[in-house]
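Keep the structure open beside the text and follow along.

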Amino acid sequence: MSYEIKDINLAPSGEHKIDWVRKNCPLLRSLEEDFTREQPFAGIRIALSIHLEAKTAYLCKVLAAGGAEMFITGSNPLSTQDDVAAALASAGLNVFAWYNSTEEEYFHHIAKVLENHCNIIIDDGGDLVNMLHTKLTDELQYVIGGCEETTTGIIRLMAMAKQGQLRFPMVMVNNADCKHLFDNRYGTGQSVFDGINRTTNLIVAGKFVVVAGYGWCGKGVAMRAKGLGARVIVTEVDPIKAIEAVMDGFDVMPMHEAAKVGDFFVTVTGCAHVITEEDFKVMKNGAILCNAGHFDVEIDMKRLREIALDTIDQRQNIIGYQIDAERWIYVLGEGRLVNLACGDGHPAEIMDMSFAIQALSAKYLVEHAKELNEKLIVVPKEVDNEVAVRKLRFLGKEIDKLTPEQEEYLNSSAV
């Protein structure tokens with residue numbers, strides 16, 4: 001075991017957090033039992049970079065129960081929880097991460113994870129994959145394949161694959177139905193407002209909430225804002241998604257127009273410079289900005305810092321920027337993922353599904369290592385369905401099944 005963490009003495013607190021997650025993740029508990037018995041990862045080394053909090057920690061322990069040697073870091077400096085990292089290290093896993101690391105420390109930890117001849121790569125945003133392809137190419141020979149957790153990471157993978165740069169197969173975990181339909185929509189929707197409410201202690205009802213991007217994450221954020229009593233405005237670049245937003249009952253307008261009326265702004269696009277200097281200059285005094293996309297590029301923080309007349313640490317995780325003599329705007333969590341920089345991330349029951357997909361996808365890679373020809377792999381339908389069937393069972397729900405006659409009808413051309 002090796003580790004670089006802040007303080008091993010924090011382990012008891014982290015262990016309690018992980019135990020709470022375990023109690024609320026029946027899917028992962030069932031996989032832990034299966035993996036302990038079957039040992040699907042015996043002799044396998046897994047490199048993992050996901051937001052290092054209690055739910056991720058339990059995934060790591062489930063994979064370790066299956067025989068994997070784990071090498072773990074975080075995927076965002078402000079989402080790592082030091083007590084959780086200490087708990088994993090205390091349990092004998094290899095951990096390299098601490099809260100609020102510098103950029104240099106962050107990439108040092110990624111390198112420390114990858115310098116161990118790892119066979120499976122579990123990534124969240126693509127930083128592990130990128131370093132393997134640019135700086136640690138000698139390690140590529142040991143890689144069977146990997147799994148990508150989030151939309152942003154898949155965008156990066158698609159660009160690499162299109163350019164012929166991707167050297168090993170990656171399972172697109174984010175695109176599984178049991179991931180994006182629930183994690184991205186219900187998980188992001190709830191956890192974003194958990195972070196906003198915990199940090200600001202302000203009411204949402206009656207205010208204008210501007211949601212930038214109407215993919216599955218944006219749909220979830222807009223739905224939860226509406227449920228809290230907000231008047232929701234959606235900004236989009238995709239005309240079809242914009243129509244969806246209108247028919248879901250939301251107003252749609254360009255960001256520069258929305259900037260004039262918004263009270264809360266949530267960016268969730270996966271793109272850069274969604275809110276820019278032109279928008280800062282027309283915002284109301286007291287406007288609150290946050291980001292729920294993977295990287296801290298959606299709000300142009302560099303330019304905001306440059307044009308600000310003054311700044312103030314208003315509350316923990318709230319920095320105010322003075323735009324002119326009468327107007328301040330406020331940014332939560334330095335423009336990083338608000339649900340993790342200012343909260344605990346998605347609910348455990350949601351990540352139970354996402355991480356079950358992760359664990360089974362990693363198992364699929366090991367079992368089919370010699371058969372994988374494509375670089376971008378869709379999560380097999382049997383994996384998606386296995387997670388859904390288990391989840392329904394744990395929810396105590398049953399569904400109908402097609403009769404043989406119905407199956408014959410659906411598979412025939414008969415009317």
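A salt bridge here is a side-chain nitrogen of Lys or Arg within 4 Å of a carboxyl oxygen of Asp or Glu. By that rule, the side chains of Glu257 and Lys260 meet in a salt bridge, at 3.4 Å from N to O. Please keep in mind that this is a predicted model.

**Salt bridges**

Side chains of opposite charge can pair when their charged atoms come close. The structure holds 23 salt bridges, and three of them are set out below.

| Pair | Closest N and O atoms |
|---|---|
| Asp34 and Arg390 | 2.8 Å |
| Arg37 and Glu38 | 3.6 Å |

Asp34 and Arg390 pair with their closest N and O atoms 2.8 Å apart. This pair links distant parts of the chain, with Asp34 in helix α2 (residues 26-38) and Arg390 in helix α16 (residues 381-395), 356 residues apart. Are these two partners buried or exposed? Both Asp34 and Arg390 are buried.

The other two pairs in the table have different surroundings to look at. Arg37 counts as exposed because its relative accessibility is 58%, while Glu38, with a relative accessible area of 42%, is partly exposed. For the remaining pair, Glu257 is partly exposed at 37%, and Lys260 counts as partly exposed at 38%. Through shared partners, salt bridges join Asp34, Arg37, Glu38, Glu386 and Arg390 into one network.

Helix α1 covers residues 11-23. Which residues of α1 are buried? They are Ala11, Gly14, Ile18 and Val21. Seen down the axis of α1, the buried residues fall within an arc of 80°, so they line one face of the helix. An α-helix has 3.6 residues a turn, so residues three or four places apart point the same way. On the other side of α1, His16, Trp20 and Lys23 are exposed. The cover over the buried residues of α1 includes α3 (54-65) and α4 (82-90).

Ile8 sits in the loop between β1 (3-4) and α1. With 31% relative accessibility, Ile8 counts as partly exposed. Together with Met1 and Tyr3, Ile8 forms a nonpolar patch on the surface, with about 290 Å² of accessible area in total.

**Helix α7**

Helix α7 (residues 151-162) has twelve residues. From its first C-alpha to its last, α7 reaches 16 Å, close to the 16 Å expected at 1.5 Å a residue. Its buried residues are Thr152, Gly153, Ile154, Leu157 and Met160. What do the buried residues of α7 pack against? Their partners are α6 (127-134), β6 (145-148), β7 (170-172) and β16 (376-377). Just after α7, Gly164 takes a positive phi of about 70°.

**Tyr186**

A last stop is Tyr186, which lies in helix α8 (residues 177-200). Tyr186 is partly exposed, with a relative accessible area of 30%. Leaving aside residues up to four places away in sequence, Tyr186 touches Leu181, Met223, Arg224 and Ile350. Tyr186 and Ser79 are 107 residues apart in sequence, and their C-alpha atoms are 20 Å apart in space.

Conventions:
Residues are numbered from 1 along each chain as its sequence is written. Side-chain values use heavy atoms; hydrogens and water are left out. Helices (H or I, at least four residues) and strands (E, at least two) are DSSP runs, numbered from the N terminus. The expected span of a helix is 1.5 Å times one less than its number of residues. Buried means under 20% relative accessible area, exposed over 50%, partly exposed in between (1.4 Å probe, protein chains only). The arc is that of the directions from the helix axis to the C-beta atoms. Contact means heavy atoms within 4.5 Å. Patches are made of residues with over 30% relative accessible area and no salt bridge: like charges are joined within 9 Å, nonpolar side chains (Val, Leu, Ile, Met, Phe, Trp, Tyr) within 5 Å. Accessible areas come from the Shrake-Rupley method with a 1.4 Å probe; for residues, only the protein chains shown count as cover.
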